[in-house]
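My notes follow in the order I took them.

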Amino acid sequence: MQARLHEHLGKIKCELIISYNSSLIFDKTKLYSFNSIVSIIKIAFHERQNNNLFLKLMEYLSSINSNFNFRDYFSLELDILKENGYQLQLDKCALTGKKEELVYVSPRTGRAISREKGLPYHTKLLALPRFINDRNVDINKNDLTNASKLLTYFFSRYIWPNQNMPIPRKRFYEAIISLYN
């Protein structure tokens with residue numbers, strides 16, 4: 001990169017090695033997912049901020065280049081939270097340490113809660129989508145809605161507390177949920 005001063009925009013010479021445009025532009029779901037991720041990244045990170053998200057974003061682009069998978073999208077949103085210092089622990093119960101029957105997430109701690117321990121407080125807890133801890137479960141409309149609510153809660157709390165959800169992200173979830181009607 002070449003610029004007179006560090007603050008200047010500068011110019012860069014590069015050679016295109018892989019193009020993702022053709023796979024994104026002709027598939028509405030892929031395009032919406034890409035726009036959603038970019039809008040979140042734009043808000044979540046400051047300019048010139050060091051983070052480890054670039055490689056994960058490139059892996060995501062490679063995966064959607066062939067086929068869109070909502071699990072990969074959800075994982076990337078979790079990675080964005082993690083890179084900002086807010087890692088959710090969704091693989092074991094916060095109270096018992098068990099990995100079975102995880103159906104709730106504590107909105108205060110971001111940790112999973114088992115059905116048994118969370119049932120008395122189910123109105124105050126967030127629902128944990130079934131596909132998080134079981135790769136064999138088919139994703140349904142209810143899981144997509146729960147995933148949207150879960151991540152929207154934590155993004156609204158930590159990443160964009162004084163802003164509304166980015167419009168591209170809202171459009172993506174509306175489009176993906178409408179596919180499961």
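I started at a strand pair: leucine 102 stands opposite serine 114 in S3. The model is a predicted one, so I read every value here as computed from that prediction.

**Sheet.** I then looked up how S2 and S3 are joined. Three bridges connect S2 to S3, and the two run antiparallel. Their hairpin has five residues between the strands, and in it glycine 110 has a positive phi near 75°.

I went on to the other partner of S3. S1 and strand S3 (residues 111–114) run parallel and are joined by two bridges. In this pair cysteine 93 is opposite alanine 112 of S3.

Next I checked S4. Strand S2 (residues 102–105) runs antiparallel to S4, with two bridges between them. Here valine 105 faces leucine 126 of S4.

What is the order of the strands in the open sheet? I noted S1-S3-S2-S4, four strands with mixed pairing. The edges are strand S1 (89–93) and strand S4 (126–127), each of which pairs on one side only.

**Loop between S1 and S2.** I stopped at glutamate 101, which lies in this loop. Its phi is near 55°, which is positive although the residue is not glycine. I wrote that down because most residues other than glycine have a negative phi.

**Core.** I looked up the largest nonpolar core, which has 40 residues. The members that touch the most other members are Phe68, Phe70, Tyr73, Ile80, Leu150, Phe155 and Ile176. Among the elements giving two or more residues to this core are helix H3 (53–66), helix H4 (70–83), S1 and S2. H6 gives the most, with seven residues.

Leaving out residues up to four places away in sequence, I find isoleucine 80 touching Ile37, Ile40, Ile41, Ala44, Phe45, Leu53 and Phe155.

**Helix pair H2 and H7.** Both helix H2 (28–44) and helix H7 (167–178) are among the elements that give two or more residues to the core. At what angle do H2 and H7 pack? I read about 150°, with the axes 8 Å apart. Angles over 145 degrees count as roughly antiparallel, and H2 and H7 are therefore roughly antiparallel to each other. Their crossing is left-handed.

I last listed the residues that meet. From H2 they are Thr29, Tyr32, Ser33, Asn35, Ser36, Ser39 and Ile40, and from H7 they are Pro168, Arg169, Arg171, Phe172, Ala175 and Ile176.

Conventions
Residues numbered from 1 in each chain as written. Predicted model: local features only at pLDDT ≥ 70, side-chain atom pairs only at ≥ 80, totals over all residues. Heavy atoms only, no water. Pairing = 2+ DSSP bridges. Core = buried A, V, L, I, M, F, W, Y, C linked by side-chain atoms within 4.5 Å. Buried < 20%, exposed > 50% of the residue type's maximum accessible area, 1.4 Å probe, protein only. Contact = heavy atoms within 4.5 Å. Axes fitted to C-alpha atoms, helices over the stretch in contact; angles between N-to-C directions. Parallel < 35°, antiparallel > 145°, perpendicular 65-115°, else oblique. Left-handed = near helix turned anticlockwise from the far one by under 90°.
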